[in-house]
Amino acid sequence: MKIMTLNKPHHRCFSFLLLLLPLLLQFYSVKSDLQLSYYAQSCPNAEEIVKQQVIKLYNKHGNTAISWLRNLFHDCMVKSCDASLLLRSANGIESEQESDRSFGMRNFKYVNTIKEALEKECPMTVSCADIVALSARDGVVMLGGPRIEMRTGRKDSKQSYLAEVENTIPNHNDSMQLVLSRFQSIGIDAQGTVALLGAHSVGRVHCVNLVHRLYPTVDPTLDPEHAEYLKRRCPTPDPDPKAVLYSRNDLQTPMVLDNNYYKNLLKHKGLLLVDQQLTSDPSTSPFVEKMAADNGYFHDQFARAIILLSENNPLTEDQGEIRKDCRYVNTD
């Protein structure tokens, strides 16, 4: 009987693959560390606790659902989905919340309400970064959006990145190409960008971010009748940032995450300059038209983009910590 043996070239190739395998496994380890039902063994009720807290807070303060969604965007666009956004300024840390890009953000205190409920059930087990992700997922459902299967296993950052905020989070009056490039840098394409901006379907915009389209002259891309309505909401060109002066993004369904946002854009009723640019830029306008025509398509693309956003460069294993209080790094 003839015994088959590897010749030397094949043997060397096989040995090389064996050496390469650990490196490949290490390369893919960060993605694999995020998984569905990550807390199934360590805290089986974790996701249900987050969900019930989100529902409870929504019933008391409906705008919390919008805050959870905005938290995810502001946290994950800056460096990593690591709850760095939640850190307060203390002990040498400069909070990202102090950036102008964080204007109008609120309800941070209720993140700790969710955290406290989790700490009672499973002390020092569920990260604040996962609370940001899961509360956004459940908040989207409360707003009539799609149910998104979201992986968990993130750890919390031990630092904040105030200096990075303006270089990563698009501003309301940035060019569309700059906005697209910011999202592309974390793996979100034009279609996903258009879908994520659909979050502007809910909530409101402060007059501070609107008046440049109204004064001294009305932006010609803005519907004249809608401009008159906005002037009644924002009667001066220099509104007080601390005053309650705003317009709803969507007057028909202001608390529903739906495709009315895109329908309004096609009617030239977008509030922010970045919104209206979606209809004029050839790389985004076809997606606006498609999402305006099909709410299911919008929801599908929104869910896809949210997953990409929520998995941007997560800290896992010993790269971070699990904070006891989401506002401060652990001291012991």
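Student: This is a predicted model. Which residues in H9 meet which residues in H14?

Tutor: On the H9 side they are Gln191, Gly192, Ala195 and Leu196. Their counterparts in H14 are Tyr297, Phe298, Gln301, Phe302, Arg304, Ala305 and Ile306. By class, this contact has seven nonpolar, three polar and one charged residues.

Student: Why are H9 and H14 called roughly perpendicular?

Tutor: The axes of H9 (residues 190–197) and H14 cross at roughly 105 degrees and come within 8 Å. Angles of 65 to 115 degrees count as roughly perpendicular. H9 and H14 are therefore roughly perpendicular to each other.

Student: What makes up the contact of H13 with H14?

Tutor: Phe287, Lys290, Met291 and Ala293 in H13 meet Asn295, Tyr297, Phe298 and Gln301 in H14. By class, there are five nonpolar, two polar and one charged residues.

Student: How do you know where Lys290 lies relative to the ring of Tyr297?

Tutor: Lys290 lies over the face of Tyr297, at 4.5 Å from the ring centre. The cut-off for a charge over a ring is within 6 Å of the centre, together with a position within 35 degrees of the ring normal. Arg204 provides another case: its charged end sits over the ring of Tyr246, 4.0 Å from the centre.

Student: How many aromatic pairs are found in the whole structure, and what makes the pair of Tyr262 and Phe298 edge-to-face?

Tutor: The search finds five aromatic pairs. The rings of Tyr262 and Phe298 have centres 5.2 Å apart, and pairing requires centres within 6.5 Å. Their planes stand at 70 degrees, and planes over 60 degrees apart count as edge-to-face. The pair is therefore edge-to-face.

Student: Why is this pair said to tie parts of the chain together?

Tutor: Tyr262 lies in helix H11 (residues 260–266) and Phe298 in helix H14, so the pair ties together parts that are 36 residues apart in sequence. Both Tyr262 and Phe298 are buried. Ring pairs also link Tyr261, Tyr262, Phe298 and Phe302 into a cluster.

Student: Why is Lys109 called exposed?

Tutor: Lys109 has 56% relative accessibility, and the cut-off for exposed is over 50%. Lys109 therefore counts as exposed. In space, the C-alpha of Lys109 is 9.4 Å from that of Cys326, although the two residues are 217 apart in sequence.

Student: Lys109 is found in helix H5. Which residues of H5 are buried, and what do they pack against?

Tutor: In H5 (residues 109–121), the buried residues are Tyr110, Val111, Asn112, Ile114, Lys115, Ala117, Leu118 and Glu119. The buried residues of H5 pack against helix H3 (46–60), helix H4 (64–76) and helix H6 (128–142).

Student: What is the secondary structure of the protein chain, and what percentage of its residues is buried?

Tutor: The chain has 14 helices and two strands. Of its 332 residues, 50% are buried.

Key
Residues numbered from 1 in each chain as written. Predicted model: local features only at pLDDT ≥ 70, side-chain atom pairs only at ≥ 80, totals over all residues. Heavy atoms only, no water. Contact = heavy atoms within 4.5 Å. Helix = DSSP H or I, 4+ residues; strand = E, 2+ residues; numbered from the N terminus. Nonpolar A, V, L, I, M, F, W, Y, C, P; charged D, E, K, R; others polar. Phe/Tyr/Trp six-rings, centres within 6.5 Å; stacked < 30°, edge-to-face > 60°. Buried < 20%, exposed > 50% of the residue type's maximum accessible area, 1.4 Å probe, protein only. Axes fitted to C-alpha atoms, helices over the stretch in contact; angles between N-to-C directions. Parallel < 35°, antiparallel > 145°, perpendicular 65-115°, else oblique.
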